[in-house]
Amino acid sequence: MKKKLPYFICLINALFILTIFILNYFYQLNNFNFTLKCITSGLFALQGIINFLYLLLVKKVHFLIPLIMTIGLVLAMLGDVTINHNFIIGAAIFALGHVAFLISYFLKQKGRLLDIVFSTFLIMGTVFFIATSKHLVFNEAILKAVVIIYAVIISIMFSKSLSNFIYKKNLHNLIITISSLLFLLSDLFLLIAWFSNVKEPWQSNVCMALYYPALTGLALSLIIPESKKATK
């Protein structure tokens with residue numbers, strides 16, 4: 001029989017998720033207030049840190065993969081704080097966060113042909129869209145380059161999470177896959193909201209509505225046990 005998660009860590013995560021969802025609502029309601037954004041982003045980073053400490057001190061699991069995932073959450077929080085003031089620096093920090101997530105995915109399961117297949121098609125689609133869309137306007141060439149690099153990284157990140165889930169169908173990998181997909185879609189709407197010449201107020205709302213569930217989902221995945229049995 002599988003051991004259930006302790007009540008206290010379940011309650012802590014439930015409170016974090018509920019608080020993040022409520023703050024996300026008021027953050028958008030208050031015209032994307034920067035202070036509320038920093039608080040909300042700080043909470044998913046704190047959720048990840050608490051879950052990491054639980055794994056390290058209580059479960060006494062090997063710390064490397066949870067540590068890298070937690071670093072990714074902290075980098076995402078720092079990207080949130082920075083991107084409003086400097087898009088390039090903020091996007092670079094976000095990209096490092098995605099790289100951290102991606103490394104943790106590859107440490108969970110080695111690279112496979114399926115990763116390459118998924119990544120190739122998704123990268124081709126996202127890069128083609130960014131490079132050829134008449135509705136995307138970049139004032140500087142470096143902005144377009146940063147966006148393309150970022151798109152490649154997050155495409156690989158989602159592709160790897162999907163491949164991991166297909167190989168090992170368990171709740172842990174499912175949460176990571178859904179969170180990675182939400183992250184990808186959130187970034188798509190961020191791209192449209194910031195660089196499209198067809199701007200609508202709802203674009204930013206959809207971006208953030210997807211973003212915070214993605215990050216709190218990744219933080220939650222830390223404490224979800226991962227089945228070691230592969231799906232044939």
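Is Lys108 buried or exposed? I looked this up before anything else. Lys108 has 18% relative accessibility, and buried means under 20%, so Lys108 counts as buried. I note for the rest of these entries that the model is predicted.

**Entry on Lys108.** I placed Lys108 in helix H4, which covers residues 87–108. I then listed what Lys108 touches, leaving out residues up to four places away in sequence. The list holds Ile65, His172, Ile176 and Glu226.

**Entry on the overall fold.** I counted eight helices and zero strands in the protein. Read from the N terminus on, the elements run α-α-α-α-α-α-α-α. The radius of gyration is 18 Å, close to the 17 Å that the globule rule gives for 232 residues, so the protein is as compact as a globular protein of that length. Along the principal axes, the C-alpha atoms fill a box of roughly 55 × 45 × 25 Å.

I also looked up burial and surface. Of the 232 residues, 47% are buried. The protein exposes about 12,000 Å², and carbon and sulfur atoms supply 75% of that area. For contacts with a separation of 6 or more, I found that 77% are between residues 24 or more positions apart.

**Entry on salt bridges.** How many salt bridges does a search of the whole structure find? The search finds one. Asp115 forms this salt bridge with Lys160, and the closest N and O atoms are 2.9 Å apart. The pair links distant parts of the chain, since Asp115 sits in helix H5 (residues 113–132) and Lys160 in helix H6 (residues 141–167), 45 residues apart. I checked the burial of the two partners, and both Asp115 and Lys160 are buried.

**Entry on the nonpolar core.** Which residues of the largest nonpolar core touch the most other members? I found Phe44, Phe101, Phe183, Tyr211, Leu215 and Leu218, in a core of 55 residues. I then asked where the core residues come from. Helix H1 (7–29), helix H2 (34–59), helix H3 (64–83), H4, H6, helix H7 (171–195) and helix H8 (201–221) each supply at least two residues of this core.

I took Phe44 for a closer look.

**Entry on Ala219.** Ala219 is found in helix H8. Its relative accessibility is 0%, so Ala219 counts as buried. In sequence, Ala219 and Phe44 are 175 residues apart, while in space they are 6.7 Å apart, C-alpha to C-alpha. Leaving aside neighbours within four places in sequence, I find Ala219 in contact with Phe44, Gln47, Gly48, Asn51 and Leu73.

**Entry on Ser180.** Where is Ser180? I found Ser180 in helix H7. Ser180 counts as buried because its relative accessibility is 1%. I looked for a polar partner of its side chain, and a polar contact of 2.8 Å joins the side chains of Ser180 and Tyr105. Beyond four places in sequence, Ser180 touches Tyr105, Met157, Phe158 and Ser161.

Definitions and conventions:
Residues are numbered from 1 along each chain as its sequence is written. This is a predicted model: local features need pLDDT of at least 70, side-chain atom pairs count only at pLDDT 80 or more; totals for chains, interfaces and linings use all residues. Side-chain values use heavy atoms; hydrogens and water are left out. A salt bridge is a side-chain nitrogen of Lys or Arg within 4 Å of a carboxyl oxygen of Asp or Glu. Helices (H or I, at least four residues) and strands (E, at least two) are DSSP runs, numbered from the N terminus. Buried means under 20% relative accessible area, exposed over 50%, partly exposed in between (1.4 Å probe, protein chains only). Contact means heavy atoms within 4.5 Å. A nonpolar core is a set of buried Ala, Val, Leu, Ile, Met, Phe, Trp, Tyr and Cys residues joined through side-chain atoms within 4.5 Å. A polar contact is a pair of N or O atoms within 3.5 Å; within protein, one must be able to donate a hydrogen and the other to accept it, and residues adjacent in sequence count only if both atoms are side-chain atoms. The radius of gyration is taken over C-alpha atoms; the globule rule is 2.2 Å times the number of residues to the power 0.38. Accessible areas come from the Shrake-Rupley method with a 1.4 Å probe; for residues, only the protein chains shown count as cover.
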